[in-house]
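The sequence and structure are shown first.

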Amino acid sequence: MDWREGILILYSSNLSIKVLAYLLTLALITIFSGGLHGFLYLLLPFGLDVLGAGYIRLNHQAFQEDVLELLEAECLRACGIDKSMPHFTHVEFSGSLDHWRLKELKTDITYSMMAPRLDFVVIATRTGRIFPLKSYFKVGYQTGDAGTRDVYYSDISAVELSGKVLTMTTASGEAVAYTAQGGRAEEAAGLLRQRLREFKSRRGETADG
């Protein structure tokens, strides 16, 4: 990203910097200009804000795709698989930019992945933030680890599907739920049941559900 775009995006997305710019402009008006015509200088920080908001809107989709790629890579790594291996994802967008022109743009992403392995299923969740950016001139994003869980097939007594929500019931009675993206819920449940049957067949057991 060009450094000039970076400065404008930083300015427009940071309320503290904008308030400081308006206060500084008011101070300069008082010291050097005076009169009502001096308040025209307030159009300068306002114009920079509008221009920066335009750059944010222009780049938001690219920023979002960057964060999704980062989160996907982190979840694949947490699940111990590569992209060609079976896995199912669920993405949620939340938050909004604190800007009067950009409130419909989402700022936060929660990315979950379920990967049925040979003896267990892995569920990994990672979070990412588009704004505020971690760095502006060399674009960087904030990401977080929301947890990884292994559920062993030896502990699963049943797999149930209700709408898009897949629920694994363990022998202890715990319900472990996972929401599949789009129309892949049935596929996820089918693969998980198949892996469960294969695992219990190797052990000479009978799979339920």
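Among the elements of the protein chain, the mean pLDDT (the predictor's confidence in each residue, from 0 to 100) is lowest in helix 2 and highest in strand 3. Helices (H or I, at least four residues) and strands (E, at least two) are DSSP runs, numbered from the N terminus.

| Element | Residues | Mean pLDDT |
|---|---|---|
| Helix 2 | residues 15-33 | 82 |
| Strand 3 | residues 120-129 | 96 |

The protein chain averages a pLDDT of 87, and 93% of the residues score at least 70.

The largest nonpolar core has 26 residues, of which I56, F63, C79, M113 and F131 touch the most other members. Such a core is a set of buried Ala, Val, Leu, Ile, Met, Phe, Trp, Tyr and Cys residues joined through side-chain atoms within 4.5 Å; buried means under 20% relative accessible area, exposed over 50%, and partly exposed in between (1.4 Å probe, protein chains only). Helix 3 supplies 8 residues, the largest share of this core. A second, separate core of 18 residues includes M114, I156, V176 and Y178.

Helix 3 has 37 residues and spans 52 Å between its first and last C-alpha, close to the 54 Å expected at 1.5 Å a residue. Just after helix 3, G80 adopts a positive phi of about 70 degrees.

Residues are numbered from 1 along each chain as its sequence is written. In this predicted model, local features need pLDDT of at least 70, side-chain atom pairs count only at pLDDT 80 or more, and totals for chains, interfaces and linings use all residues, while side-chain values use heavy atoms, with hydrogens and water left out.

How values were computed: Expected span 1.5 Å × (residues − 1).
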